[in-house]
Amino acid sequence: MARCSQKVKTVKSITVIGSTGSIGTQTLEIATQYPEEFRIVGLAAGRNIELLAQQVQQFRPQIVATCYEDKLPELKAALGGLDYSPVILAGEDGVVEVAKYGDAESVVTGIVGCAGLLPTLAAIEAGKNIALANKETLIAGAPVVLPLVEKHGVKLLPADSEHSAIFQCLQGVPEKGLRRILLTASGGAFRDLPVEKLPFVQVADALKHPNWSMGQKITIDSATLMNKGLEVIEAHYLFGLDYNQIDIVIHPQSIIHSLIELQDTSVLAQLGWADMRLPLLYALSYPDRLYTDWQPLDLVKAGSLTFKAPDHQKYPCMQLAYDVGKAGGLMPAVLNAANEQAVALFLEEKIGFLDIPRLIETVCDRASDYNTPTPSLEDILEVNQTARQEVLTAAKSLKIAIGH
C-alpha cells in the first residue's frame with residue numbers, strides 16, 4: 001500500500017530593509033515569535049547602529065548594511081565580537097546588495113521615503129517577493145516597478161494596514177467583481193482641532209497620533225492626510241481601479257482598516273485592533289494564516305464605530321494627491337519628493353504646518369510643464385532630486401521664511 005506523501009514544512013527566508021524602524025522592528029518581533037516559520041537572511045538600516053548590532057547578534061543574518069557610509073566603521077566595531085562573519089556593507093549600494101542577496105524569498109521594504117526604490121527594484125530583479133511597507137516606492141516608481149514585477153513573476157504584497165485590508169477582502173472575489181475601494185482614515189493628530197487653529201500647531205502636536213505608533217514622517221503625513229492621498233495613488237497602482245472608484249472615509253476608531261464594494265453593492269471589510277503586526281504577518285505568511293496569541297478583536301470593547309466625510313478645506317493634501325494621480329507620469333514622483341522635503345522642513349521646525357501643502361502644490365504646478373507619461377528610472381531619480389530643490393525655491397517665491 002502506497003504511503004501518502006506529506007508536504008515538507010520549510011522555513012521562509014526573509015530580508016528586512018529598514019530593520020531599526022517601526023516596520024522593521026515589528027517584522028523582527030514576528031520572526032522572534034515564529035522561528036519555525038521565518039529566518040532572517042539580511043538586515044539593512046540607518047544610523048541606529050546600536051540597535052542594528054543587537055539585531056545582528058540575535059538573528060545572525062548572512063549580510064548586513066547601514067545606508068550611511070560614515071557609519072561603516074562603527075558598525076564593524078559593534079559587530080567585532082561575533083562568532084561568525086556576516087558580509088558588512090554601507091551606503092546606497094550596500095543596501096541594494098542586501099536587498100538582492102542570497103536565498104531570501106521575501107524582502108520587507110520598511111525604509112522611509114523614495115530611498116526604498118532602488119533596493120526594491122534590485123530585490124524584484126533578483127526574483128524576490130516584496131512585502132511593501134514603503135508606499136513611496138510604488139507611488140514614485142510605479143512606471144518602472146510594475147513592469148519588473150510582471151517580468152520576473154514575483155508577488156508585490158501590501159504590508160500596510162489599509163492596502164492589506166483591501167487585499168484580504170479581495171481573496172475569493174472574481175475578476176471584475178470589484179466596484180469601489182473605501183480607504184479608512186483616522187483623521188490624524190488634528191482630526192478634532194478646528195481648522196482656524198492649524199496655523200498655530202507645533203511639531204510636537206502633529207506627532208501625537210491618536211491611534212497608531214509610527215515613524216515621524218508618516219505621522220506628519222497622517223496629520224496632513226497626505227498619507228491617505230498617497231494611499232489613494234498606491235491603491236490605484238495595486239488594484240487597477242480608476243481614481244473615481246477610490247474613496248476616503250474618516251473612521252476615528254481605526255478598527256475597520258478599509259473596505260471594498262462589489263458590483264452588487266455588497267461591502268466587505270477587514271477589522272482588527274490598530275496593530276501593524278497583522279498586515280505584516282499576512283504579507284509574510286501569505287497565502288497561509290498563522291495562529292497568533294495576540295489580543296482578539298472584541299466588538300463590545302471596541303464600542304461604536306463612526307464615520308464621516310473628509311474635510312478637504314482642512315486637508316488640502318488629499319485633493320492634491322487625487323489631481324496628481326490622475327495626471328500620472330512623473331507627477332506622483334514630484335508629489336512624493338516635494339512632500340518628503342516639506343515634511344522634513346516642518347520636522348526641523350523651519351516652516352509652519354500649513355506651509356506643507358502650499359509648498360507641495362506650488363512645486364506640482366510648476367512640474368506639470370515637464371511631465372512625461374512614461375518616465376524612465378533615470379527620469380524618476382532626477383525629479384526626486386529636482387522637486388526637493390524646487391521646494392526651497394517655492395518657499396522664497398511664497399515668502400515663506402525658512403527658519404534655522
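Which residues does E231 touch, not counting residues up to four places away in sequence? Keep that question while setting up the view: this is a predicted model, in which local features need pLDDT of at least 70 and side-chain atom pairs count only at pLDDT 80 or more, whereas totals for chains, interfaces and linings use all residues. Residues are numbered from 1 along each chain as its sequence is written, and side-chain values use heavy atoms, with hydrogens and water left out.

**The whole chain**

Select the protein chain, whose secondary structure comes to 16 helices and 11 strands; helices (H or I, at least four residues) and strands (E, at least two) are DSSP runs numbered from the N terminus. The radius of gyration is 21 Å, close to the 22 Å that the globule rule gives for 404 residues, so the chain is as compact as a globular protein of that length; the radius is taken over C-alpha atoms, and the rule is 2.2 Å times the number of residues to the power 0.38. Along its principal axes the C-alpha trace spans about 75 × 55 × 45 Å. Of the 404 residues, 55% count as buried, where buried means under 20% relative accessible area, exposed over 50%, and partly exposed in between, with a 1.4 Å probe and protein chains only.

K12 stands opposite F38 of strand 2. Between the two strands the chain passes through helix 1 (residues 22-33), and this β-α-β crossover is right-handed, meaning that, with the strands pointing away from the viewer, the path from the first strand over the helix to the second runs clockwise.

**The annotated site**

Now select K135, S161, E162, S186, H209, S222, N227, K228 and E231, which an unreviewed UniProt entry annotates as "binding site"; UniProt positions are given in the numbering used here, feature names are shortened, and annotations may be inferred rather than shown by experiment.

Start with E162, found in helix 7 (residues 161-170), which counts as buried at 10% relative accessibility. Leaving out residues up to four places away in sequence, E162 touches L183, T184, K228, E231, H257 and S258, a contact meaning heavy atoms within 4.5 Å.

Move to E231 in helix 10 (residues 226-239), which counts as buried at 1% relative accessibility. With residues up to four places away in sequence not counted, E231 touches K135, D160, E162, H163 and L183, which settles the opening question.

**The annotated domains**

Finally, colour residues 156-239, which the unreviewed UniProt entry lists as "domain: 1-deoxy-D-xylulose 5-phosphate reductoisomerase C-terminal"; this span is 44% helix and 13% strand, with its end C-alpha atoms 11 Å apart. For the corresponding "N-terminal" domain, UniProt lists residues 14-141, a span that is 44% helix and 22% strand and whose end C-alpha atoms lie 23 Å apart.

Conventions. Pairing = 2+ DSSP bridges.
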